[in-house]
Amino acid sequence: MIKSLRLENFKCFKDSGVIPLGKVSVLTGYNGAGKSSLFQALLLLAQSVEGDELHRVRANGKYVSLGSVSDFVTFGSDEKKFSIEIESEAPDYSMNFTFSPNKENSRLGDLCGFVLNGQDQFSTSSKIGGNVSAVSDGDVKTKAAEKEADRVLQCADWTFLNIFKNIHYISANRLGPTLYEVRTEVDRENPIGEKGEHRLEVLKSRPDIIENIEHELSFILERETKIVLGEGEESKSILNLSFTEGDTNVVKSVNTGFGFAYVLPLLMATECQHNGKVLVENPEAHLHPRAQSRLIQVLSKRAVENDNQLLVESHSEHIVNGIRLACLLEKEINPLTTDDVKFYFFNEDNRIVPLEIDEDAQLSPWPEGFFDQLQKDSAEILRRGLLK
């Protein structure tokens, strides 16, 4: 589990400060205030792990595509490098990675600083003949920097890199209803795909999870729902998805609401994943408010039961309140507790405000802009209507 995260010189953050994470962490706030940057920092490292080593970062990969490395170094910074600091537990590690743009390939970032459990690995390397300046001096040739980084990394214990494996990431840009989907090979590390594009392939290979997902869909959408998975009549290279509502009515996914298709990969991610991490953007998309609340209750329950860490980015008060409610339910219904949860509000100044949750699921503080628009609009309607 990742205990905390800190970003320096990364996108909008000159220094984010240390951000403690819980079993379930919810990121809310203004657009463009840095919520997605936290996801991207973790996914950037995850997609850059090669085998059991992390020598460089790849700006574009299986999780995120961010252009060139210089694009996500904080604007106006004197130093053309960025740092990602992570603390983990079980196993317990503290690590700080610093990367600078590769001179020959703008889409790569070379490791130029690495501190593990308080020990500067590059300083250690210099004691055995390494040349730290070859890495830290931005004017030297890339070949020399890479050679020195390799020397350092060959001496490191890379066991901690396991925290970047077993990650499921479902983006806000998910696949909607389709008439059919072409069968493909799935990635072992993110089998459902960031857009849910491999959802049917995974369902085909994991019939054991379908009953649970049907039960969860029925609870969230408040109608008995069954999944009907079929192969194309003329080609076994395609799959199609339908739902049964009630006893007999089979409906193609394109003839149901978007919510059916949009919620499916989220449920699959938390159902398939064990002892890992699930990152979800905007789970509320295309769902009625009550369905949003029920969805996050299901996702948080599965996170605890399957020993997963769940990170959620959301603009919905119903997601926030659904988690608060889940903490207060009987534990046989939902084992989530207030100790498992972290809430953050990202304000318009790119400052991260932690919101404390007490044993009664009450939040404090309640900063300006934190789901207060209903009250503001209601007051303005009253002023311009009944009180004019």
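How many residues does helix α7 have, and what distance does it reach from its first C-alpha to its last? The model is a predicted one, and in it helix α7 (residues 258-272) has 15 residues and reaches 22 Å between those two atoms. That distance is close to the 21 Å expected at 1.5 Å a residue.

**Confidence in the model**
- Across the protein chain the mean pLDDT is 87, and 88% of the residues reach 70 or more.
- Over residues 125-141 pLDDT stays under 50, and for this stretch the model has 23 contacts beyond four places in sequence.
- Where pLDDT is low, the predicted coordinates should not be read in detail.

- Of the 15 residues of α7, 14 are buried, so the helix is largely enclosed by the rest of the structure.
- The largest nonpolar core holds 52 residues, and those that touch the most other members are Leu203, Ile213, Leu217, Ile227, Leu267 and Phe343.
- Helix α7 supplies the largest share of this core, with eight residues.
- A second, separate core has 49 residues, among them Ala41, Val73, Met95 and Ile163.
- In soluble globular proteins, nonpolar side chains tend to be buried together.
- Leucine 203 is in contact with Ile209, Ile210, Ile213, Ile227, Leu229, Leu264 and Met268, leaving aside its neighbours within four places in sequence.

**Strand β6 and its partners**
- Strand β6 (residues 82-88) has five of its seven residues buried, so this strand is largely enclosed by the rest of the structure.
- Strand β1 (residues 2-10) runs antiparallel to β6 and is joined to it by six bridges; in this pairing, leucine 5 stands opposite isoleucine 86 in β6.
- Strand β7 (residues 93-101) also runs antiparallel to β6, with seven bridges joining the two, and glutamate 85 stands opposite asparagine 96 in β7.
- The hairpin of β6 and β7 has four residues between the strands, and alanine 90 takes a positive phi near 50° there.

**Threonine 338**
- Threonine 338 lies in the loop between α9 (317-328) and β17 (341-346).
- Is threonine 338 buried or exposed? Threonine 338 has a relative accessible area of 13% and is therefore buried, the cut-off being under 20%.
- Apart from neighbours within four places in sequence, threonine 338 is in contact with Cys327, Ile357, Asp358, Glu359 and Ala361.

Conventions. Residues numbered from 1 in each chain as written. Predicted model: local features only at pLDDT ≥ 70, side-chain atom pairs only at ≥ 80, totals over all residues. Heavy atoms only, no water. Expected span 1.5 Å × (residues − 1). Buried < 20%, exposed > 50% of the residue type's maximum accessible area, 1.4 Å probe, protein only. Contact = heavy atoms within 4.5 Å. Core = buried A, V, L, I, M, F, W, Y, C linked by side-chain atoms within 4.5 Å. Pairing = 2+ DSSP bridges. pLDDT = per-residue confidence, 0-100.
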